[in-house]
Amino acid sequence: FLFYAVVFRYRDAGEKYPAGGAYADLTENNLHLGVSGGPVLDSKYRILLDALFEMDALRELGTGTPQRFSSNLAALRPHVDFLLGPVQLDAGARLDYGEWLDNNRFTVSPDVMARMDLIEQDLTLYAAVSGGQSLQSHYDVKHVNHFAYRANLGTFLSREKLRVRAGVDGHWGSRLQYGLEAGYVSYQGLPLSNYWHVTLA
């Protein structure tokens, strides 16, 4: 049979902030469209293609000449989801093309995840390697630091160069859920954190 999924999101946001004795108006529009589809063979093998398009536009009024910033991101992710013995394996790659200010960037990243259920599916072990580009909108930055003004340059095109993680999650009885994950991630172009670092959660 054929598997398919569609996700559509649109966000309109705005704020006012002091600028030179007056108040500037900031508006932001974000459009996100994602689709996924492909055949499922013998109810076990999914050969899928995921596609993403996202656009973010920021406009600032009240500070002289109107300022406009925009970013666009298009991504394709071909992958195969199947069982390899006791392991559920989702293996593919992500191809991203992003536009931000005068910068255009094309990247290819791995996107692989392996999961294995134990103890009658009450316990799951997993490991993953991934990467890819993403848009960091003013809305996203405000969620990290709500004191940020215009996020310095509006919208950002950031990149997760490499993310390696492994962990375990599950449940005990009907009331206790747990999860533990450790990993390493390298970012490029994050507006609030533009450096290499290690995360452990």
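Of the 201 residues of this protein, 32% count as buried, meaning under 20% relative accessible area, with exposed over 50% and partly exposed in between (1.4 Å probe, protein chains only). The model is predicted, so local features need pLDDT of at least 70, side-chain atom pairs count only at pLDDT 80 or more, and totals for chains, interfaces and linings use all residues. Residues are numbered from 1 along each chain as its sequence is written, and side-chain values use heavy atoms, leaving out hydrogens and water.

Start with the cartoon view. The protein has 1 helix and 10 strands; these are DSSP runs (helices H or I, at least four residues; strands E, at least two), numbered from the N terminus.

Next, select Leu52, Leu73, Ala75, Trp100, Leu135, Phe156 and Leu157, the 7 residues of the largest nonpolar core. Such a core is a set of buried Ala, Val, Leu, Ile, Met, Phe, Trp, Tyr and Cys residues joined through side-chain atoms within 4.5 Å. Strands E4 (67-84) and E8 (156-172) each supply at least two residues of this core. Apart from it lies another core, of 5 residues, including Tyr17 and Phe69.

Now select Tyr45 and Phe82. They form a stacked aromatic pair, 6.4 Å centre to centre with 25° between the planes. Rings of Phe, Tyr and Trp (its six-membered ring) pair if their centres lie within 6.5 Å; planes under 30 degrees apart count as stacked, over 60 as edge-to-face and the rest as tilted. Tyr45 is in strand E3 (residues 45-61) and Phe82 in strand E4, 37 residues apart.

Last, select Arg11, which lies over the face of Tyr139, 3.9 Å from the ring centre. The cut-offs are CZ of Arg or NZ of Lys within 6 Å of the ring centre and within 35 degrees of the ring normal.
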